[in-house]
Amino acid sequence: MQKGFTMAEVLITLGIIGVVAAMTLPTVMNNSRNKALETALKKNYSVIEQALNMYYAQTGERLLPEIVGASRLKLTIKPYFQVIRDCGQGSEGNEELIKKTCIPNYHNVGTPDKNSTNYKTFNGVSNIDLTYFDDGQFVISDGSLILIENRVPERCFISVDVNGYNKNPNRLGQDLFMFQISEKGKLLPMGAEGTTYYSANDEYCSKTSTNAMNGAGCTYKALTDDKYFSKLK
């Protein structure tokens with residue numbers, strides 16, 4: 001006489017499998033997402049560096065903040081990227097762009113439009129001040145959103161949302177990363193010593209910091225700490 005599993009045993013086994021899957025699937029998905037963000041950041045870092053190098057090759061000079069001046073960084077570097085959509089300085093008045101690809105241009109207004117997707121600090125505690133990202137925007141061929149801050153010459157920031165405006169987590173230091181062009185024309189990951197958002201006590205990259213720009217200084221860590229992305233939640 002052949003012995004087999006009873007219906008009750010089969011159901012119990014399937015139930016156990018379901019519980020295990022429910023417990024492990026979120027971790028697997030989170031790890032996969034974080035690995036994709038890591039890969040995208042490294043790729044975009046390379047793409048931005050290549051753009052600055054192409055500028056140097058064509059002009060014979062490094063792109064220096066003093067050369068660029070105020071509000072001209074986007075016009076200077078855009079020709080060296082594969083741009084698929086130009087958002088101007090921002091998407092004010094164009095709801096279609098707001099919904100699909102770009103953030104509004106807030107000028108000196110720090111309160112985000114409640115109807116748009118808000119970028120948050122590294123730990124998700126608060127919305128960030130989008131005036132640091134609205135002096136020019138464009139989408140490049142892989143869907144990443146490049147955001148420029150260049151209101152004054154000495155503040156040459158190039159930021160990138162590595163998975164696009166409409167994909168979460170939309171947090172500084174998780175999918176939105178900042179870079180700075182130094183006085184000598186070198187592209188520095190924000191958070192490196194000498195950048196605006198460098199802090200020896202991790203004020204700008206911490207799960208506990210309440211600083212309004214928490215996450216701005218995470219780019220350096222994200223590129224140098226091989227466990228950085230595995231720790232993201």
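Author: Residues are numbered from 1 along each chain as its sequence is written. The model is predicted, so local features need pLDDT of at least 70, side-chain atom pairs count only at pLDDT 80 or more, totals for chains, interfaces and linings use all residues, and side-chain values use heavy atoms, with hydrogens and water left out.

Reader: Thanks! Why is Ser-144 called buried?

Author: Buried means under 20% relative accessible area, exposed means over 50%, and partly exposed is in between (1.4 Å probe, protein chains only). Ser-144 has 0% relative accessibility, so the residue counts as buried. Ser-144 sits in the loop between strand E2 (137-140) and strand E3 (145-149); strands (E, at least two residues) and helices (H or I, at least four) are DSSP runs, numbered from the N terminus.

Reader: What makes the pair Ser-144 and Asp-142 a polar contact?

Author: A polar contact is a pair of N or O atoms within 3.5 Å; within protein, one must be able to donate a hydrogen and the other to accept it, and residues adjacent in sequence count only if both atoms are side-chain atoms. The side chains of Ser-144 and Asp-142 are joined at 2.9 Å, so the pair falls within that limit. A polar atom of the Ser-144 side chain also lies 3.2 Å from the backbone oxygen of Val-162.

Reader: How do you know that Lys-43 and Asp-142 form a salt bridge?

Author: The term asks for a side-chain nitrogen of Lys or Arg within 4 Å of a carboxyl oxygen of Asp or Glu. For Lys-43 and Asp-142 the N to O distance is 3.7 Å, so the pair qualifies. This pair links distant parts of the chain, with Lys-43 in helix H1 (residues 7-59) and Asp-142 in the loop between E2 and E3, 99 residues apart.

Reader: Why are Lys-43 and Asp-142 called partly exposed?

Author: Lys-43 has a relative accessible area of 45% and Asp-142 one of 34%.

Reader: What makes Asp-135 buried, and which residue is its salt-bridge partner?

Author: Its relative accessible area is 3%, so Asp-135 is buried. The partner is Arg-151, with the closest N and O atoms 2.8 Å apart; Arg-151 is partly exposed at 31%.

Reader: And why is Glu-149 called buried?

Author: Glu-149 has a relative accessible area of 1%, so the residue is buried. Glu-149 forms a salt bridge with Arg-155, at 2.7 Å between the closest N and O atoms, and Arg-155 is partly exposed at 27%.
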